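Hello,

Here is the structure I promised to pass on to you. Have a look at it first, and then read on for what turned up in it.

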Amino acid sequence: MNNIRVLSVFGTRPEAIKMAPLALELGKRDGIVSQVCVTAQHRQMLDSVMDCFHLKADYDLNIMGKNQTLTDVTSRVLNGLPAVLEDAKPDLLLVHGDTTTTFSAALSSFYHKVTVGHVEAGLRTYDRYSPFPEEMNRSLVGRLATLHFAPTPKNAENLKKENVQGEIFITGNTVIDAMKYTIGDNGSFSSEELNSLDLDDRRLIVLTCHRRENYGEPMKQIFTAVRDLAMKNPDLLIVYPIHMSPVVRDAAGPILSGIDNIRLIEPLDAIDMHRLMDRSYFVMTDSGGIQEEAPALGKPVLVLRRETERPEAVAAGTVRLTGVEYRSIIEDATELLTDPAAYAKMARAVNPYGDGHACERIADAILVHAGLSDRIPAPFDPYHELS
């Protein structure tokens with residue numbers, strides 16, 4: 001029996017969190033030779049995730065540069081990956097989601113006639129500039145890929161409507177698999193900053209905000225609303241693991257610094273971030289992955305964006321699309337803080353994104369594609385999970 005050679009390529013912290021459990025699963029499978037290439041689009045934050053999962057890269061492009069642009073990232077991946085492809089000789093290259101690494105690696109793979117598998121395929125807002133550049137990245141990868149691993153039936157429907165070529169598998173999201181590694185039993189933190197906080201006597205709100213489309217006025221309104229929310233509710237503790245982007249830090253510092261019950265802390269590794277959310281009252285975020293993670297913990301999520309490519313949790317009631325305007329942020333957060341019935345309705349531990357077996361389904365699908373197995377994985381059915 002011939003093995004299938006699989007190369008997983010990723011470069012950012014969110015990609016690593018979602019691809020690490022898959023790489024570990026692939027490494028266990030007979031018939032699969034699994035290798036990992038990191039681009040290090042985000043160096044420090046990527047490395048912390050690799051350490052969490054005890055995962056080592058076989059190849060490291062180390063592309064991150066100071067004040068890097070999207071063009072920088074794209075060109076460095078396109079220039080660096082061919083040598084890896086020549087050495088690794090993969091039959092299948094896996095990319096994840098919607099980053100610039102994802103698009104660039106898929107394009108390079110296409111140029112070298114290597115089959116592309118897209119993990120977390122089919123998410124759409126159908127607004128090419130929101131989120132930017134993610135919406136266009138994932139749409140273009142959908143055209144380049146042959147294997148499409150869609151987390152939900154809605155994502156699969158999007159791909160079918162677009163008439164993508166190849167096979168579509170509904171797998172659930174690998175981030176739910178990742179949380180089996182990160183939450184653990186004791187809930188302790190490795191971050192000294194988190195260990196120094198009193199998280200027991202105050203209601204904790206976890207904030208993340210970093211998206212490019214929120215740069216400028218939207219970010220100013222978000223941070224101003226968070227500041228005023230903290231000042232009006234001294235019993236709250238708002239913890240913001242602030243993104244490494246200088247743009248984000250320059251916007252947050254003047255507005256959020258110096259408030260007694262707001263803590264701006266350094267970025268957290270995957271374990272500490274998941275455990276912090278597990279201790280929270282609710283989450284405010286413009287992140288994509290957190291919209292999937294927090295519902296798995298039974299935590300309400302206020303999404304600080306104008307739209308979301310993850311409508312399933314909105315429909316399930318655990319996520320609310322709050323937007324980026326000051327008034328709507330204050331209103332939605334205040335309702336969760338003052339209306340126990342509204343909070344309880346959102347805090348139901350309902351998650352339409354996965355059951356913790358997405359990586360197994362993807363590995364099974366790869367073996368079927370390679371002709372090494374006839375065990376076609378049963379699709380993830382969130383409606384069954386919700387019933």
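A word on terms before the counts: helices here are DSSP runs of H or I with at least four residues, strands are E runs of at least two, and both are numbered from the N terminus. Please keep in mind that this is a predicted model. The C-alpha trace spans about 65 × 50 × 40 Å along the principal axes.

Some overall figures may be handy for you. Of the 387 residues, 60% are buried. The protein exposes about 16,000 Å², and 50% of that comes from carbon and sulfur atoms. If you take the contacts between residues at least 6 apart in sequence, 69% of them join residues at least 24 apart.

Seven strands make up an open sheet with parallel pairing, in the order 3-2-1-4-5-6-7. Strand 3 (59–60) and strand 7 (167–170) are at the edges with a single partner strand each, so one side of each has no neighbour in the sheet. Strand 7 runs parallel to strand 6 (residues 147–150), and four bridges join the two. Across this pair, Phe149 stands opposite Phe169 in strand 7.

Helix 2 (residues 43–52) lies across strand 1 (4–10), strand 2 (32–38) and strand 3, and runs at about 150° to strand 2.

Best wishes

Notes. Residues are numbered from 1 along each chain as its sequence is written. This is a predicted model: local features need pLDDT of at least 70, side-chain atom pairs count only at pLDDT 80 or more; totals for chains, interfaces and linings use all residues. Side-chain values use heavy atoms; hydrogens and water are left out. Two strands pair if DSSP finds at least two bridges between them. Contact means heavy atoms within 4.5 Å. Axes are lines fitted to C-alpha atoms, for helices over the stretch in contact, and angles run from 0 to 180 degrees between N-to-C directions. Buried means under 20% relative accessible area, exposed over 50%, partly exposed in between (1.4 Å probe, protein chains only). Accessible areas come from the Shrake-Rupley method with a 1.4 Å probe; for residues, only the protein chains shown count as cover.
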